[in-house]
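Welcome, and thanks for taking a look at this one with me. Please open the structure and keep it beside you as you read.

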Amino acid sequence: METTTAVRQHEHFTVERHPDIPRMNRIRPSGEALRRFFEVCAEVGVQELEYVPYMRFVLAGELRGIFGEEFAKTVRNILRDRNTGAFTIGVREAARSADDYVKFATALVHLVGIPNHDAMSGKYYARFAVQDTDNSDSYLRQAYRLFTLHTDGTFVDEETDWLLMMKMEERHAVGGESRLLHLDDWEELDQFLSHPLARHRFLYKAPKSKNVETTVERSTFFEADGRPCICFIDQFVYPETIEQAQYLRALSQSMERSRAVATMELPVGSLVMINNLFWVHGRAPFEKNEKLYRELMRLRGRFADV
């Protein structure tokens with residue numbers, strides 16, 4: 001893998017390598033440009049974004065107009081670049097409310113493609129909290145256990161090329177770092193890629209909380225642009241034989257013990273966006289605290305042909 005420490009300076013933003021994750025880019029937007037964006041979009045409410053789909057592209061147009069076409073190209077190129085495929089960006093210093101976070105994330109992803117419908121929330125995005133207690137039917141909100149490495153969109157019938165996660169609020173949180181693994185850095189990839197079950201189409205079903213009734217069949221490995229990609233989550237895949245279950249468990253355990261798994265702390269008001277085809281992600285456990293509260297926002301979707 002080729003990496004560079006060079007800072008790429010543009011008029012309204014800079015791009016540099018993330019200090020802790022070599023494949024990750026860190027985009028630093030100009031505070032002045034961010035404030036202009038939030039001022040221009042001040043009269044656009046989040047409800048309008050939810051009810052009027054074209055307004056999401058209108059916000060993307062405002063973002064592109066302020067930051068320049070080069071910003072849009074940079075974001076798209078990073079996500080599609082197999083050597084990177086990921087970046088972080090923060091807007092907390094210029095944002096005035098959590099609604100501003102929603103507006104920025106909405107504009108950003110619409111420079112890249114089109115979000116999937118998120119059935120869990122019934123919107124094009126989802127906001128959810130992780131707290132001390134949890135009664136859900138998946139690991140998403142369970143604070144004190146390891147949220148194992150996975151890709152998103154395994155149980156939906158839409159393509160999920162990319163994923164955005166943004167930290168909206170956090171209190172009394174120790175631990176819970178993001179965990180990330182690039183497929184090309186996984187030491188045992190070839191072992192599982194060459195297995196007879198690598199392209200077997202497994203059945204995926206969602207729990208009730210996801211509000212998805214349909215089931216889908218997906219192979220664990222597939223190709224895009226001539227390179228191997230992965231689709232996997234341990235919670236929602238339904239094998240039909242002992243051998244299939246053993247393969248899936250061994251695959252998950254291999255990724256979890258990989259020396260290439262990176263951890264990253266994400267500040268409030270910052271987001272991480274990754275290519276969902278060749279990055280897997282998860283979350284470290286939190287330390288026990290009855291006052292724990294973390295709210296995240298998720299958007300995921302497909303690339304547009306631009």
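This is a predicted model: local features need pLDDT of at least 70, side-chain atom pairs count only at pLDDT 80 or more; totals for chains, interfaces and linings use all residues.

1. Let's start with helix α5, which covers residues 98-109. Its 12 residues should span 16 Å at 1.5 Å a residue, and the C-alpha atoms at its ends lie 17 Å apart, so the two figures agree. The helix is mostly covered, with 10 of its 12 residues buried. The buried ones are D100, Y101, V102, K103, F104, A105, T106, A107, L108 and V109.

2. How do α1 and α5 pack? Helix α1, residues 31-40, meets α5 at an angle of about 100°, and their axes are 11 Å apart. An angle from 65 to 115 degrees counts as roughly perpendicular, and α1 and α5 are therefore roughly perpendicular to each other. On the α1 side, L34, F37 and F38 make the contact, while α5 brings D100, K103, F104 and A107. Sorted by class, this contact of α1 with α5 has five nonpolar and two charged residues, and no polar ones. As background, residues three or four places apart on an α-helix point the same way, because there are 3.6 residues a turn.

3. Next, find the open sheet of three strands, ordered β11-β10-β14 with antiparallel pairing. Its edge strands are β11 (216-219) and β14 (237-238), each of which pairs on one side only. Strand β10 (residues 201-204) is joined to β11 by four bridges, and these two run antiparallel.

4. Now move on to helix α7, residues 242-256. With 15 residues at 1.5 Å each, α7 should span 21 Å, and its end C-alpha atoms are 21 Å apart, so expectation and model agree. Buried residues of α7 are Q244, Y247, L248, L251, S252, S254, M255 and E256.

5. Finally, where is Q142 found? Q142 sits in the loop between β6 (126-131) and β7 (147-150). Its relative accessible area is 25%; buried would require under 20% and exposed over 50%, so Q142 is partly exposed. D132 is 10 residues away from Q142 along the chain, and their C-alpha atoms are separated by 8.2 Å. Setting aside neighbours within four places in sequence, Q142 is in contact with D134, S136 and R283.

Terms used. Residues are numbered from 1 along each chain as its sequence is written. Side-chain values use heavy atoms; hydrogens and water are left out. The expected span of a helix is 1.5 Å times one less than its number of residues. Buried means under 20% relative accessible area, exposed over 50%, partly exposed in between (1.4 Å probe, protein chains only). Axes are lines fitted to C-alpha atoms, for helices over the stretch in contact, and angles run from 0 to 180 degrees between N-to-C directions. Angles under 35 degrees count as roughly parallel, over 145 as roughly antiparallel, 65 to 115 as roughly perpendicular and the rest as oblique. Contact means heavy atoms within 4.5 Å. Ala, Val, Leu, Ile, Met, Phe, Trp, Tyr, Cys and Pro count as nonpolar, Asp, Glu, Lys and Arg as charged, and the others, Gly among them, as polar. Two strands pair if DSSP finds at least two bridges between them.
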